[in-house]
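Please read the briefing below alongside the sequence and the three-dimensional model shown here.

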Amino acid sequence: MTAATTRAARLSRGSQIEGRSQEELREIVSHVGAELELAPAEHIIEWAAATFGERFCITSSMGDAVLAHLASKVVPGIDVVFLDTGYHFAETIGTADAVKHTMPVNLITITPRQTVAEQDAEYGPDLYKRDPDLCCKLRKVEPLATSLDGYDAWATGLRRAETHNRVTAPVVGWDAKKKKVKVSPIARWTDEQVEQYIQDNGVLVNPLVYDDYPSIGCWPCTSRVKPGDDPRSGRWAGQNKTECGIHT
C-alpha cells in the first residue's frame, strides 16, 4: 500500500470526525498528559494519531527529519507542515524537498500572507533588523496558526535540552494561544539520543548542521556557532531574543 493510499484510507476513516471543542481538548490533556510523560516517542505519536485522526499533524523546521521519520513509521502519509518564511537557507528548502520525495508523508508547505517584497513595501526593508519580533509574528507565528485551523493537535520536535525556556515543556500539553493540543514526542530526548537515532536510521539532516549551524532559522537571523558555545547562540545573535514566538 502506498503512502497516498494509506493516507486516503486514514482520512476516510476519520472524515466523519469533526473538531472537538476546546473544553474536550483540554479534558484530554488533563487525563493523558501525565500518563504519556515517560512513554516512548512512537507510542506518543501513535496515541495522538489514534485520538485525533486526520485532525493531527506534525510540524517541522527541517533542521533534521527526525520527527518526520518517527511519525512516518507510525502513521504513513501523515501531514507534515513546513513553514516557508521566504527567508530560508537553500539547504533548508532542499531538506524539505528531500523529505517530500523520500518519506511516506504528505508535506504541506505554507507561506506568510505577504511575500518578502510585499512586507518590505509595507513595513520597510529589513524588518528583521528593526523589529525581529514583528517579523517573526508576520512570517512564522501567524501563518502557522492559520495553517493549524483544520487540526485539533499538532506535534513538534521541541526538546527540553534545547533552551532554558523549554525545560518544562510537557510531552502532551495545552497550547492556550493556538487553542490546540500540543504534542512533543521527543521532548525528553537528549542531544545524544537525537544523534543516535539519526545514525541508526540514516535520517536526513540539514547540511548546515555540519557547517556549524546547530540551530537553523531564517538566514538573516542565524549565524555560525563556535565549538562549545550554546547551540542556540547563533539565533538572533546580539539581540535579547531567544524564541520566534511559536513555542511561547
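Predicted model: local features only at pLDDT ≥ 70, side-chain atom pairs only at ≥ 80, totals over all residues.

Residues are numbered from 1 along each chain as its sequence is written, and side-chain values use heavy atoms, with hydrogens and water left out.

**Annotated cysteines**

- An unreviewed UniProt entry carries the annotation "binding site" for Cys 135, Cys 136, Cys 218 and Cys 221; UniProt positions are given in the numbering used here, feature names are shortened, and annotations may be inferred rather than shown by experiment.
- Although these residues span 87 residues in sequence, no two of their C-alpha atoms are more than 10.7 Å apart, so they gather at one spot.
- Cys 135 lies in helix α8, residues 132-147, and Cys 136 lies in helix α8 as well (helices are DSSP runs of H or I, at least four residues, numbered from the N terminus).
- Cys 135 counts as buried because its relative accessibility is 7%, and Cys 136 counts as buried at 8% (buried means under 20% relative accessible area, exposed over 50%, and partly exposed in between, with a 1.4 Å probe and protein chains only).
- Leaving aside neighbours within four places in sequence, Cys 135 is in contact (heavy atoms within 4.5 Å) with Tyr 87, Gln 119, Leu 127, Tyr 128 and Lys 140.
- With residues up to four places away in sequence again not counted, Cys 136 touches Val 141, Trp 236, Lys 241 and Cys 244.

- Beyond its neighbours within four places in sequence, Phe 52 is in contact with Arg 20, Leu 25, Ile 28, Trp 47, Asp 152, Ala 153 and Val 181.

**An exposed glycine**

- Gly 202 sits in the segment after α9 (191-201) and counts as exposed because its relative accessibility is 63%.
- Between the C-alpha atoms of Gly 202 and Ala 65, which are 137 residues apart along the chain, the separation is 10.0 Å.

How values were computed: Helix = DSSP H or I, 4+ residues; strand = E, 2+ residues; numbered from the N terminus.
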